[in-house]
Amino acid sequence: RARGALALTYWMGSEFGGLFRILEISWRELRQRSRKYFDLAMKDPTSVTYMVASPTVLKQRRYDEAIAYAERAVALDPNNAEAHRALAYALFYANRPEEAIESAKRALRLDPNNRAIPLQYIGRAHFAMGNFEQAVSFIERARDLNPKVTPHSAMLAAALAHLGRDEEARVALEQYNQGWGYSPSVGEVMYFWPFKDPVVAKRFAEGLVKAGLSPPPSGYYVLSDKKRLAGDEIRALVFGRTVTGFDPWSGEQWWIERSKEGQSTWRGTAEKSWSGPRVEADSGTNWVDADLLCERWDAQDFQVCLPVFRNPEGTTEDKNEYLAIYDTGIYPWSPME
């Protein structure tokens with residue numbers, strides 16, 4: 001249980017931005033620590049472990065798994081408000097807003113002294129249904145209860161923009177950007193808002209642009225189950241080949257060479273490496289588990305499994321024909337001839 005709590009602490013720190021500034025370590029290092037303790041906790045999982053697992057796989061657009069993990073958390077600890085909040089979070093992104101509202105209401109009943117997060121999730125669900133007035137009402141109530149938590153300000157900004165309340169939308173967007181320390185791009189923001197429904201995703205992105213985020217809403221990847229590769233497709237695509245891409249955060253190029261048996265070598269830039277430690281090269285083993293590409297590298301003490309999506313708009317020149325979804329970002333890449 002302690003390991004699960006540590007994983008949750010580090011995940012929340014990287015999600016909301018406060019802990020890594022306190023500990024003076026990077027966001028990715030927090031993600032690494034979360035994964036390390038999560039792997040340990042999964043050997044004897046508790047409700048806390050499943051509460052960590054749910055949002056982690058949700059970022060990878062693995063919606064059914066995210067809901068299943070949250071439901072296990074609720075089943076193990078049905079009176080735990082955090083478990084119901086985790087389920088509401090997963091249901092919202094999986095395009096089941098009415099059920100998300102019911103789960104958030106259960107969390108409110110179980111823990112009436114901590115109302116901000118459930119109220120925020122109810123607001124998000126109303127946004128998904130196109131109820132902008134209700135979305136603003138619930139999110140503003142959540143903000144008043146906990147003004148230091150900035151992620152809700154993004155959806156508040158989008159909802160206000162769609163209502164034509166432009167000045168308020170700009171103020172809300174500025175509050176959201178404070179959590180980043182700069183004005184992020186639409187692509188950066190949208191990774192952290194893994195909507196299953198592309199209509200809701202477009203509505204959210206367009207609202208942010210109306211509120212003042214400068215890049216166009218087309219500057220993010222639209223993912224769907226129809227574009228996801230099956231295990232056999234992944235195996236045929238990556239083993240016995242070299243793939244290359246650009247780090248979405250640093251812009252630095254990296255390469256992975258995989259043998260047909262899965263022995264792999266990674267090369268990149270030490271100062272700004274991909275989702276692992278800051279090394280110029282690493283060796284490891286890669287394999288396919290069901291429809292996930294799994295990686296274990298010698299310089300890391302955990303493994304990660306991830307879905308791979310086809311990017312119809314990608315090109316060989318831009319090295320973004322395929323998308324690998326880590327819990328640290330969406331990594332575009334292309335096979336090398």
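This is a short walk through one predicted protein model, from its overall make-up to a few individual residues.

Okay, some housekeeping. Residues are numbered from 1 along each chain as its sequence is written, and side-chain values use heavy atoms, with hydrogens and water left out. Since the model is predicted, local features need pLDDT of at least 70 and side-chain atom pairs count only at pLDDT 80 or more, while totals for chains, interfaces and linings use all residues.

So, the overview. The protein has 14 helices and nine strands; those are DSSP runs numbered from the N terminus, H or I of at least four residues for helices and E of at least two for strands. Of its 337 residues, 52% count as buried. Buried here is under 20% relative accessible area, exposed is over 50%, and partly exposed is in between, with a 1.4 Å probe and protein chains only. Take the contacts with a separation of 6 or more: 53% of them join residues 24 or more positions apart. Contact means heavy atoms within 4.5 Å.

Now look at helix 8, residues 116-128, and helix 9, residues 132-145. Their axes come within 7 Å and cross at roughly 160°, which makes the two helices roughly antiparallel. The axes are lines fitted to C-alpha atoms, for helices over the stretch in contact, and angles run from 0 to 180 degrees between N-to-C directions. Under 35 degrees is roughly parallel, over 145 roughly antiparallel, 65 to 115 roughly perpendicular, and the rest oblique.

Who does the touching? On the helix 8 side, the residues include Leu 119, Ile 122 and Phe 127; on the helix 9 side, they include Phe 132, Phe 138 and Leu 145. The contact residues divide into ten nonpolar, four polar and two charged.

Next, rings. The whole structure has 18 aromatic pairs. Rings of Phe, Tyr and Trp (its six-membered ring) pair if their centres lie within 6.5 Å; planes under 30 degrees apart are stacked, over 60 edge-to-face, and the rest tilted. Phe 127 and Phe 204 are edge-to-face, 6.2 Å centre to centre with 90° between the planes. Phe 127 is in helix 8 and Phe 204 in helix 13 (residues 198-211), so this pair ties together parts 77 residues apart in sequence. Phe 127 is buried at 0%, and Phe 204 is buried at 0% as well.

Tyr 322 and Trp 333 are stacked instead, at 5.1 Å and 25°. Tyr 322 is in strand 8 and Trp 333 in strand 9, so that pair ties together parts eleven residues apart. Tyr 322 is buried at 15%, and Trp 333 is buried at 4%.

Phe 127 and Phe 204 also belong to one aromatic cluster, with Tyr 121 and Trp 193 among the other members.

Last, some loop residues. Arg 228 is in the loop between helix 13 and helix 14 and is partly exposed at 24%. Which residues does Arg 228 touch, not counting those up to four places away? Among them are Arg 62, Glu 233 and Asp 291. The C-alpha atoms of Arg 228 and Asp 291 are separated by 8.8 Å, and the two are 63 residues apart along the chain.

Ala 290 has a positive phi of about 60° although it is not a glycine. Ala 290 is in the loop between strand 4 and strand 5 and is exposed at 61%.

Key:
Nonpolar A, V, L, I, M, F, W, Y, C, P; charged D, E, K, R; others polar.
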